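The sequence and structure come first, and the description follows.

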Amino acid sequence: MIGNRRSSTAAAVVGAAALVTVLSGCAGGSTNSPAPSSTTPASSTTTAPATTSASGTTFSDAQVQQLCSDMEGQLQNWRTVTPTLGKGGLNTIVITWATQNGINLLDLAQNRESIDAATSTACPDVRGGAISALEIPDLASGLVGF
């Protein structure tokens with residue numbers, strides 16, 4: 001059972017690293033991307049961003065709460081695996097979260113401190129638990145390839 005968990009965690013780490021590598025390789029390509037599909041009417045209002053980093057990267061309150069929830073769901077796992085494997089899990093969560101929310105991964109990679117700014121405000125306990133479990137000074141330093 002433990003071997004299977006390690007294998008699937010290792011596979012997640014490799015997958016996250018491969019995704020980051022592929023996305024990094026796309027940086028020099030076209031910046032044209034299809035507009036995200038949306039059924040939200042033009043007259044609807046959006047919530048104020050939860051955070052704005054020095055670089056100007058913003059996330060909505062709902063986006064940040066989703067990230068906090070996703071991270072909180074993995075805290076126990078991160079406490080029981082090695083920090084190296086846990087960091088792979090952090091990368092998987094951040095990449096998945098960004099993709100699901102239409103956040104440009106290249107912009108996020110250039111402004112990885114925005115993850116710290118957002119989680120410091122919205123869920124400082126979860127952020128602190130992740131930093132402790134992963135043995136890193138901040139979440140940005142745990143993001144591989146960012």
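## The nonpolar core

In the largest nonpolar core, which has 27 residues, Trp78 and Ile115 touch the most other members. A nonpolar core here is a set of buried Ala, Val, Leu, Ile, Met, Phe, Trp, Tyr and Cys residues joined through side-chain atoms within 4.5 Å. Buried means under 20% relative accessible area, exposed over 50%, and partly exposed in between, with a 1.4 Å probe and protein chains only.

| Element | Residues |
|---|---|
| α4 | 83-100 |

Helix α4 gives the largest share, 6 residues. Apart from neighbours within four places in sequence, Ile115 is in contact (heavy atoms within 4.5 Å) with Phe59, Leu67, Val94, Trp97, Leu108, Leu139 and Leu143.

Residues are numbered from 1 along each chain as its sequence is written, and side-chain values use heavy atoms, with hydrogens and water left out. The mean pLDDT (the predictor's confidence in each residue, from 0 to 100) is 74 for the chain, and 60% of its residues reach 70 or more. Residues 4-54 have pLDDT below 50, and this stretch has 45 contacts in the model beyond near neighbours in sequence. Where pLDDT is low, the predicted coordinates should not be read in detail.

## Helices and strands

The chain has 7 helices and 2 strands; these are DSSP runs, numbered from the N terminus, with helices being H or I of at least four residues and strands E of at least two. From the N terminus on, their order is α-β-β-α-α-α-α-α-α. Helix α4 has 18 residues and spans 25 Å from its first C-alpha to its last, close to the expected 26 Å. That expected span is 1.5 Å times one less than the number of residues. Among the buried residues of α4 are Gly86, Leu90, Val94 and Trp97. After α4 comes Gly102, with a positive phi near 70°.

## The salt bridge

The structure holds 1 salt bridge, defined as a side-chain nitrogen of Lys or Arg within 4 Å of a carboxyl oxygen of Asp or Glu. Asp116 and Arg127 form this pair, at 3.1 Å from N to O. Asp116 lies in helix α6 and Arg127 in helix α7, 11 residues apart. Both Asp116 and Arg127 are buried.

Notes. This is a predicted model: local features need pLDDT of at least 70, side-chain atom pairs count only at pLDDT 80 or more; totals for chains, interfaces and linings use all residues.
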